[in-house]
Amino acid sequence: MVTAAARILAPTPAENSGEVEGIRLEVGDVSHAFAFEGKPLPVLNHVSFSAAPGEFVALLGPSGCGKSTLLRLVAGLDHPNTGRVTADGADIGTPDPSRILVFQDPTLYPWRTVEANVSLGLEARGILKAERHRVAQALALVGLSGFESAYPRQLSGGMAQRVALARALVNEPRLLLLDEPLGKLDSLTRITMQGELLKLWQRARFTALLVTHDVEEALFLAERVIVFSDRPARIAADVKVDVPYPRHRGDPRLAELRHHLLHLLGLDETW
Amino acid sequence: MSTALETLAARPRAAGRLPHLPLLGGAALWLAGAALTFALPDHNEGLTEIARTHELVVLQAGVGLLLAFAAIGLPWLGRVGRITAHWAPWLALGAAGLAAWELVTAKLGLLPLPFFAPPQGLLEVYLDDWPRLGISLWHSVKLLAWGYVIGAALGVLTGISIGWWQQASYWIHPVLRFIGPLPATAWLPIAFFAFPSSWSASVFLIALATGFPVTILTWSGIASVNKDYYDIARTLGASERFLVLKVAVPAALPHIFVGLFMGLGASFAVLVVAEMLGVKAGLGWYLSWAQGWAAYANMYAALLVMAVMCSSLITLLFRLRDRVLSWQKELVRW
């Protein structure tokens, strides 16, 4: 990580080329339901919010409340029953490499090496030959240079998730959709990776949408935390995290906000 | 097996000092067998005369001497030496088995000739009839290759189609369910008059027998691919062609290889039946021809060649799989 961290701290003009213009995301009055045992199961209930270009927004709520569904809609993998999802004003109809989803599981292709996994997006779009150098850059960014020829089964959980991040970042996404990407990591790796995620975002300035049910994680990373109710998910609160970066986990203002968020989630008595 | 080889390699025997004892024992047994074959008179009371006894002695003694050299020269033999050393107990057992076989057939006549051929009977077949056996082997391999390759290719394509496209599944699946479980050999009488030659009929039958398991396993492989793999690829801008060729097929390959393995086994069965009943060439034909002439030694000899052929082809398939699926952690070794 040393090299990647050093580069982020002192970016040279050439390396700033990774910087992109984040997407302006609008979710307008979206409702969505699944068919479950023949009956519609509503998961999203009149959800509206927007994210400014380059903003880091966390979606916080109880598990199974429909946050992941929302991410799939934004990714273009599913279409909302009612309401609109737009990127820079244009309706999102199909998946696009400018909006990339990172899952809770790294879901690397086990038959591909680390390098081939990271190359996936470039290969799928037929630009791998011209843009191959970006693969090495992305791997360096997540601190995995030297692991190019390893297979996913040889990686630890944290390393695999880093590869998944590199696989997303190599496409220079303008919107990164993170579906509990650190949810399955041990708590120490998780803290490390939160810091790395933040650096990646600060370096590239994509818009980030992070689904999480970890209050501390939301507060440490995001500029805004949108709190969802239980299913069918409504927006219960939209909380601005008015703490400048770099943040410190022990910051009293973060603790205050944490109390507030737990209160909103109905977990007040645990404070 | 590789671990056993490594253990042997890890503690090399002191060069030139002590010969490898299991190999030496094996050598002794082979030489003893040769002595037995040479010293005891043949029990020549049956209808068929026992010949080639001297060649058998030479063979047994030859193997014994080679093993004796190997036992002494093991440190200089490298990889070949390690493999020989690994199989030393089996080589010893082989010597004992061969000697016992020789005793109960050629020497003591406990098992009736000609139904139970003595070892030299097989040796006689290999020495005298090798051109016919060789041509039969060639015909079998050729027929099998045509049928198997066509069947496997069609099976993979069909499996991918029904695993991927709803329409293909709708039309092909019922046909597969109805016809697939039928043993390919049941088609034999129809195939032999429906096709212009018994050879093309056999290719069809072998392809049919191969195609069914390959189709089913490919299909189930495609169906069991983690759906997230597709979502990942789609968000990264993959076309449907990319999803099929670069996601679905590689993910299904472990299943496909199981299908290819099962198909190969099925193809052997059909090959032998087809050659016994219709095709006028091949090892199956050789077997039934030998049976017609009551040439039992020839039957055993052909059976042995057939076993070596089938085993080699399976080994070849497993080697291919190990190469293609090297990313998998644990594979069953053949």
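Student: How do I check the length of helix 7 (residues 157-169) of chain A, and what end-to-end distance should its 13 residues span?

Tutor: Take 1.5 Å times one less than the number of residues. For the 13 residues of helix 7 of chain A that gives 18 Å, and the end C-alpha atoms are 18 Å apart, so the two agree. Helices here are DSSP runs (H or I, at least four residues), strands are E runs of at least two, and both are numbered from the N terminus. By the way, this is a predicted model: local features need pLDDT of at least 70, side-chain atom pairs count only at pLDDT 80 or more, and totals for chains, interfaces and linings use all residues. Residues are numbered from 1 along each chain as its sequence is written, while chains are lettered from A and ligands numbered from 1 in the order written.

Student: Is helix 7 of chain A largely enclosed or open, and why?

Tutor: Count C-beta atoms, placed from the backbone, within 10 Å of a residue's own: 20 or more others means buried, 12 or fewer exposed, and in between partly exposed. In helix 7 of chain A, 10 of the 13 residues are buried, so the rest of the structure largely encloses it. Among them are A160(A), V163(A), R167(A) and L169(A).

Student: What do those buried residues of helix 7 of chain A pack against?

Tutor: Contact means C-beta atoms, placed from the backbone, within 7 Å. Their partners in chain A include strand 6 (99-102), helix 6 (133-141), strand 7 (175-179) and helix 8 (187-204).

Student: How is chain A divided into domains?

Tutor: The bounds come from an automatic or database assignment. Chain A splits into domain 1 (35-98 + 174-271) and domain 2 (109-172), with 25 Å between their centres, taken over C-alpha atoms. Nine residues from each of these two domains of chain A form the contact. On the domain 1 side, helix 8 of chain A gives the most, with three residues.

Student: And chain A overall: how many helices and strands does it have?

Tutor: Chain A has 10 helices and 10 strands, and 41% of its 271 residues count as buried. Its C-alpha trace spans about 45 × 45 × 35 Å along the principal axes.

Student: How many residues does each chain bring to the contact between chain B and chain A?

Tutor: Chain B brings 15 residues and chain A brings 21. On the chain B side, helix 10 (227-235) and helix 11 (240-277) each give two or more, and helix 10 of chain B gives the most, with seven residues.
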